[in-house]
Amino acid sequence: MSLKKVLSMFLVAGVVTFGTISCKSKISDADLKTKVETAVSASPAVLVDVKDGVVTLTGTVGSEDERMALESSAKAADTKGVKSVVNNITVKAPIEINTNDADLTAKIVDATKDFPTVKATVVGGVITVTGTLEQARVMVLKQSLDALNPKKVDMSALVVK
């Protein structure tokens with residue numbers, strides 16, 4: 001065999017080997033996003049975005065532990081495809097439920113002062129609304145009562161005109 005043929009074969013083998021190594025299949029951002037969304041699907045309030053392998057998480061969760069767990073899940077979704085994770089998830093402060101009937105009863109007086117056809121009572125932290133009210137004003141009343149942070153606002157006995 002001539003030296004030219006041997007060198008040519010080595011050159012071709014080298015090009016094929018280098019081409020195979022450098023053409024490794026890289027996961028697309030869309031596929032990576034799907035993997036990460038599946039990994040964090042337990043928290044539907046969290047959104048996932050991926051650009052060039054960098055995963056960005058946004059949304060709101062109830063605790064710092066949950067926030068960090070979601071970041072770990074995103075990293076673990078594809079350890080080779082995820083270059084980094086930007087964790088923009090915020091932790092919302094828990095709402096303290098008011099179960100003090102006397103306190104709620106006192107606050108209801110102010111919340112319902114603009115609704116003379118409505119009566120509200122409190123039992124066990126649950127506000128029950130009775131009476132009649134125009135459809136256009138129902139949402140305003142509901143928001144006023146929800147702002148008191150009771151266990152529940154029951155408006156099922158309210159007659160809406």
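Author: The protein chain exposes about 10700 Å², of which carbon and sulfur atoms supply 60% (accessible areas come from the Shrake-Rupley method with a 1.4 Å probe, and for residues only the protein chains shown count as cover). This is a predicted model, in which local features need pLDDT of at least 70 and side-chain atom pairs count only at pLDDT 80 or more, whereas totals for chains, interfaces and linings use all residues. Residues are numbered from 1 along each chain as its sequence is written, and side-chain values use heavy atoms, with hydrogens and water left out.

The mean pLDDT of the protein chain is 86, and 84% of the residues score at least 70 (pLDDT is the predictor's confidence in each residue, from 0 to 100). Five helices and six strands are present in the protein chain (DSSP runs, numbered from the N terminus: H or I of at least four residues for helices, E of at least two for strands). Their order from the N terminus is α-α-β-β-α-β-α-β-β-α-β. Where pLDDT is low, the predicted coordinates should not be read in detail. Of the 161 residues, 25% are buried (buried is under 20% relative accessible area, exposed over 50%, partly exposed in between, with a 1.4 Å probe and protein chains only). Of the contacts with a separation of 6 or more, 55% link residues 24 or more positions apart (a contact is heavy atoms within 4.5 Å).

Now to the strands. Strand β1 (residues 46–51) and strand β2 (residues 54–61) run antiparallel and are joined by six bridges (two strands pair if DSSP finds at least two bridges between them). Within this pair, Val 48 stands opposite Leu 57 of β2. The two strands form a hairpin with two residues between them, and Asp 52 in the turn has a positive phi of about 55°.

Strand β2 also pairs with β3, here in the parallel sense and over eight bridges; Val 54 has Ser 84 in β3 as its bridge partner. Together with helix α3 (residues 64–77), β2 and β3 make a right-handed β-α-β unit (right-handed: with the strands pointing away from the viewer, the path from the first strand over the helix to the second runs clockwise).

Asn 87 belongs to strand β3 and is buried, with a relative accessible area of 13%. Leaving aside residues up to four places away in sequence, Asn 87 touches Leu 57, Arg 67 and Glu 71. With Glu 71, Asn 87 makes a polar contact between side chains at 3.0 Å (a pair of N or O atoms within 3.5 Å; within protein, one must be able to donate a hydrogen and the other to accept it, and residues adjacent in sequence count only if both atoms are side-chain atoms).

Strand β5 pairs in the parallel sense with strand β6 (residues 152–160) over seven bridges, with Asp 154 in β6 as the bridge partner of Thr 128. From β5 the chain passes through helix α5 (residues 135–146) to β6 in a right-handed β-α-β crossover.
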